[in-house]
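The tour goes from one selection to the next.

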Amino acid sequence: MTGVTEAGSRLDQVAPSAGRRVPMLIVLGVVSAIAPLSVDLYLPAFPALAAEMSAGPSQVQLTLTFFLIGFAAGQVFAGPLSDVRGRRGPLLGGLAVYALASALCAFAPSVEVLIAQRFAQGAAGGMAVVIVRAVVRDLYSGPAIARMFASLLLVSGLAPILAPVIGAELLRFTTWRGLFAGIAAAGVVMIVLVLLLVRETLPADQRAGGGMGTRAAVFRGLLRDRSFMAYALAAAFGFAQMFAFVAASPFVFQQVYGVTPQTFSLIFGLNALVMVIAAQVGGRLAGRFRQQGILLTGLLIALVGAAAMAVVTAAGGGVAWFTAALVVAEIGAGLTLPGAGALALGGQPAQVAGSASALLGVFQYGCGALAAPLVGLGGPGTAAPLAVVVGVFAVAGLVIYLILRPRTGVSAG
């Protein structure tokens with residue numbers, strides 16, 4: 001953590017004091033909820049959206065895929081930009097475009113236009129979220145990064161718990177278009193909160209120099225860093241499992257198992273709550289146990305959950321058994337994602353934290369974008385594609401981590 005140590009005194013000149021960090025972290029947690037807010041709020045409306053636009057499940061799931069592709073692209077641009085220009089300006093710019101793109105989604109005349117607008121919404125949201133991780137890296141080091149990521153997940157984790165419930169209830173009074181109008185309003189609120197409570201955390205004399213060639217060299221260096229790649233890919237494949245569930249669950253639970261939108265929202269919220277609790281447990285354990293051990297435990301638990309999903313599907317088990325298997329998988333995700341992200345960023349100096357955060361996000365949301373359409377290939381009448389896709393990513397995440405992980409007991413501190 002040499003970069004952080006050398007920057008200490010100068011960082012104190014711009015970074016918030018300890019007393020101001022709590023409200024600032026709450027705001028950052030709210031901003032980091034952009035992805036679940038943009039995805040989970042309209043999940044209960046998938047069948048209605050498909051019916052209105054005469055679109056199939058795969059087309060509707062492409063609105064998820066292109067949001068995630070845009071989310072990844074926005075991070076590639078904003079991460080390096082924040083290393084050069086600072087964190088606060090690019091964060092505000094991303095939020096402004098996000099609010100506008102969300103409003104335009106509400107007026108999409110066709111599913112094709114909605115897909116394009118979702119790409120723009122995702123790119124702007126990715127700009128904001130990548131900077132949140134870089135800010136945490138500016139302020140913390142070692143196991144504290146994992147604890148802070150878990151704390152952010154505690155705030156942002158309310159979105160996947162509450163958003164489907166709120167979305168399902170709002171559908172009693174409005175359509176999916178009204179849901180996007182609500183997302184746009186949330187974007188405006190985020191802008192106000194950032195203006196009021198988020199300070200710059202990267203001093204001007206600590207920012208990276210050089211042009212795009214220099215930034216490209218940073219990315220090449222990260223791609224050759226076995227430790228970074230082990231943690232980043234573990235996080236990416238865990239994220240893909242989660243987004244496979246996000247993309248397929250409205251159809252699986254409402255069309256395969258026949259539950260109502262309201263019941264689906266409760267099941268979805270249960271799984272999100274379990275993941276948040278698991279993340280808090282992992283954060284508490286950071287510093288007491290090796291973070292690599294916590295990460296490996298999470299990967300193994302996720303694999304057990306994926307195997308249970310496959311068994312329940314093959315045996316024709318009911319909704320309760322399938323939900324229980326998902327809960328196990330979400331426990332694994334909760335233990336995996338914060339720790340993997342902390343380990344990936346913790347080994348990088350502050351001057352490249354934005355670029356490292358960007359690459360981490362590209363892997364995560366790129367894999368999520370791949371998973372979303374795959375679960376729709378089997379049609380709306382079976383849960384088998386979801387079980388298969390989750391299982392493949394669980395195996396891949398564990399195997400690649402075991403191949404690339406450091407052998408010398410390196411920690412994030």
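Select helices α12 and α16 first: they cross in a right-handed sense. This is a predicted model. Helix α12 covers residues 226-256, and its axis comes within 7 Å of that of α16, at a crossing angle of roughly 35°.

Now show the side chains at this crossing. On the α12 side, pick residues including Phe228, Met229, Phe237, Phe239 and Phe243. Their partners in α16 include Leu359, Leu360, Phe363, Tyr365 and Cys367. Alanines take part as well, among them Ala232, Ala236 and Ala240 in α12 and Ala356, Ala371 and Ala372 in α16. Colour the contact by residue type: 20 residues are nonpolar, 2 are polar and none is charged.

Stay on α16, residues 353-374, and select serine 357, which lies in this helix. Is serine 357 buried or exposed? Its relative accessibility is 0%, under the 20% cut-off, so serine 357 counts as buried. Next, display what surrounds it. Beyond its neighbours within four places in sequence, serine 357 contacts Gln75, Val130, Arg133, Ala134 and Leu345.

Finally, colour the chain by pLDDT. The average is 80, and 88% of the residues score at least 70. Which element has the highest mean pLDDT? Go to helix α6, residues 88-105, with a mean of 93. Helix α1, residues 2-12, has the lowest, at 39. Select residues 1-15: pLDDT is below 50 here, and the stretch has 23 contacts beyond near neighbours in sequence. Last stop, residues 409-413: pLDDT stays under 50, and the model has 15 contacts for them beyond four places in sequence.

Technical notes
Residues are numbered from 1 along each chain as its sequence is written. Side-chain values use heavy atoms; hydrogens and water are left out. pLDDT is the predictor's confidence in each residue, from 0 to 100. Helices (H or I, at least four residues) and strands (E, at least two) are DSSP runs, numbered from the N terminus. Contact means heavy atoms within 4.5 Å. Buried means under 20% relative accessible area, exposed over 50%, partly exposed in between (1.4 Å probe, protein chains only). Axes are lines fitted to C-alpha atoms, for helices over the stretch in contact, and angles run from 0 to 180 degrees between N-to-C directions. A crossing is left-handed if the near helix is turned anticlockwise from the far one by less than a right angle, and right-handed if clockwise. Ala, Val, Leu, Ile, Met, Phe, Trp, Tyr, Cys and Pro count as nonpolar, Asp, Glu, Lys and Arg as charged, and the others, Gly among them, as polar.
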